[in-house]
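Good morning, colleagues. Please take a moment with the sequence and the model before I turn to its salt bridges, strands and nonpolar regions.

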Amino acid sequence: MKITTDLLKQFKHDFDKNPVNHAVKNAMSKVGLNKSSIDNNLTRRHSFVFSHETKKGDITNQQSSGRCWMFAALNTARVDTMKKLNVKTFEFSQNYTLFWDKLEKSNYFLESIIETAGEPLNSRLVQHLLLDPIQDGGQWDMFSGLLEKYGAVPKSVMPETYHSSNTRELNQLLTAKLREFAAKLRDSHKGGKSSDELTEQKEVCLSFVYGLLTKTLGEVPQTFSYEYRDEDNQFHRMTDITPQEFFKHYVSWDLDERISLINAPTEDKPYGKAYTVKYLGTVKEGKAITYVNAPIEVLKEAAIASIKDGEPVWFGCDVGKMLEREAGIMDDKAYDYKATLGETVELTKAQRLDYGESLLTHAMVFVGVDLDDQGNPIKWKVENSWGDKNGDKGIYSMIDKWFDEYNYQVAVKRQYIDEEWLKALDQPVVELEPWDPMGSLALVK
């Protein structure tokens, strides 16, 4: 059935008969859809005062890059470093971890191309691999693998460069080269090259990638020296320390003890099971990405227990939904679309995942929670990595209902999770397809 002239007349009649539509039209033409729909009581629900808080450092800024997952992980880790060094604030080098992430992702991609060389070029799997091989985004376990292998360094040891803060040009060129390398590897496989010969060819490709990263991001240190003054104004100097040693001594995390919980309430992912995603990773030989799917209350309980213990919590969410960015507020009632449009979006969390309306897009850190007298969360204190211009100087406030609807993942110590859910890790891990929504990467700028 086509759209007819009579049908268009009916649409116009329906619009014109309600004078409110014209007032809303005038407002939206001037300030936009969201500003016209903002709930006037929004800021009243967010005092930016929280009953329980953890230690945190100064607000960081990922600039024009998709490194939120790195910033969130390092901002979580730095709290332990600040305690050990007795300093008020501290910042790790996100450029250092970016360098290794790009190199490891390149290797992971090329290894995947070799593994699938017998697949048709137009297969869904190969086309998925070619779609975006070197994006900035990542997941908790991907970063855990980088920390395990390469450690971490203070920001002054490997400071930002133009391309660490502005990754678009670098990603475009590197993507083009990786696709070129993929074509050549597939051609070599078709020509009868052996597995060893393909590996040698891949290593030549990686040598180019290493050189490109060194030119754009700088040389990565094998050892370094670091000087600082502590809270008591005492001077300290460490010399000839490796990044791995620095992470071991001044973060001291047992990465195996940090577990990812997800909330994916879809029929295809029963709670109480562990999941991984095929062809998703950074460090090829590292631990596979593993999530335990659990009800949202389990994620909250683990996060609250961690915060009460002074431990910030890395989490992944769909940040663009119901976010009033300037105010730094995440609230499921931020915009009253019912008043301005006559309808709201009526999809459940499961439906949003199933129908492509939502997925994990951004990682941040819980550094506090506001609990009522019965211990139930009212709102959450969030440390973002978009600088200090929005929110309370870079701190955001999340209403608890927003956590229910748009939060998908937390990474916490094993001790904060009930044993009932940890049992999933002793069972066979369910493999999800590479294009599953739970394989999405946090990368929003």
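Asp 318 and Lys 321 form a salt bridge, with 3.1 Å between the closest N and O atoms; the term denotes a side-chain nitrogen of Lys or Arg within 4 Å of a carboxyl oxygen of Asp or Glu. Asp 318 counts as buried, at 4% relative accessibility. Here buried means under 20% relative accessible area, exposed over 50%, and partly exposed in between, using a 1.4 Å probe and protein chains only.

This is a predicted model, in which local features need pLDDT of at least 70 and side-chain atom pairs count only at pLDDT 80 or more, whereas totals for chains, interfaces and linings use all residues. Residues are numbered from 1 along each chain as its sequence is written, and side-chain values use heavy atoms, with hydrogens and water left out.

A search of the whole structure finds 33 salt bridges. Another of them joins Asp 332 to Lys 333, with the closest N and O atoms 3.3 Å apart; Lys 333 is exposed, at 51% relative accessibility. Glu 405 and Lys 401 form a salt bridge with a closest N to O distance of 3.4 Å. Why are Glu 405 and Lys 401 separated by about one helical turn? The reason is that they lie four residues apart in helix 15, residues 400-406. Helices (H or I, at least four residues) and strands (E, at least two) are DSSP runs numbered from the N terminus. Of this pair, Glu 405 is buried at 18% relative accessible area, and Lys 401 is partly exposed at 39%. Elsewhere, salt bridges with shared partners link Arg 67, Glu 91, Lys 155 and Glu 160 into one network.

I now turn to the strands. Strand 1 (residues 52-53) runs antiparallel to strand 10 and is joined to it by two bridges, with His 52 opposite Val 369. Strand 7 (residues 313-317) is also antiparallel to strand 10, through five bridges; there, Phe 315 stands opposite Met 364. Strand 11 (residues 377-383) pairs with strand 10 in the antiparallel sense over six bridges, and Pro 377 is the bridge partner of Leu 371. Strands 10 and 11 form a hairpin with five residues between them, in which Gly 375 has a positive phi near 85°.

A further hairpin is made by strand 2 and strand 3, again with five residues between the strands; Asn 233 in its turn has a positive phi of about 65°.

Which residues have the most contacts inside the largest nonpolar core? They are Trp 69, Phe 366, Trp 380, Met 398 and Val 410, in a core of 126 residues. Such a core is a set of buried Ala, Val, Leu, Ile, Met, Phe, Trp, Tyr and Cys residues joined through side-chain atoms within 4.5 Å. Leaving aside residues up to four places away in sequence, Phe 366 touches a set of residues including Phe 315, Trp 380, Met 398 and Val 410, where contact means heavy atoms within 4.5 Å.

Finally, Ile 3 lies in the segment before helix 1 (5-16). Is Ile 3 buried or exposed? Ile 3 is exposed, with a relative accessible area of 59%.

How values were computed: Pairing = 2+ DSSP bridges.
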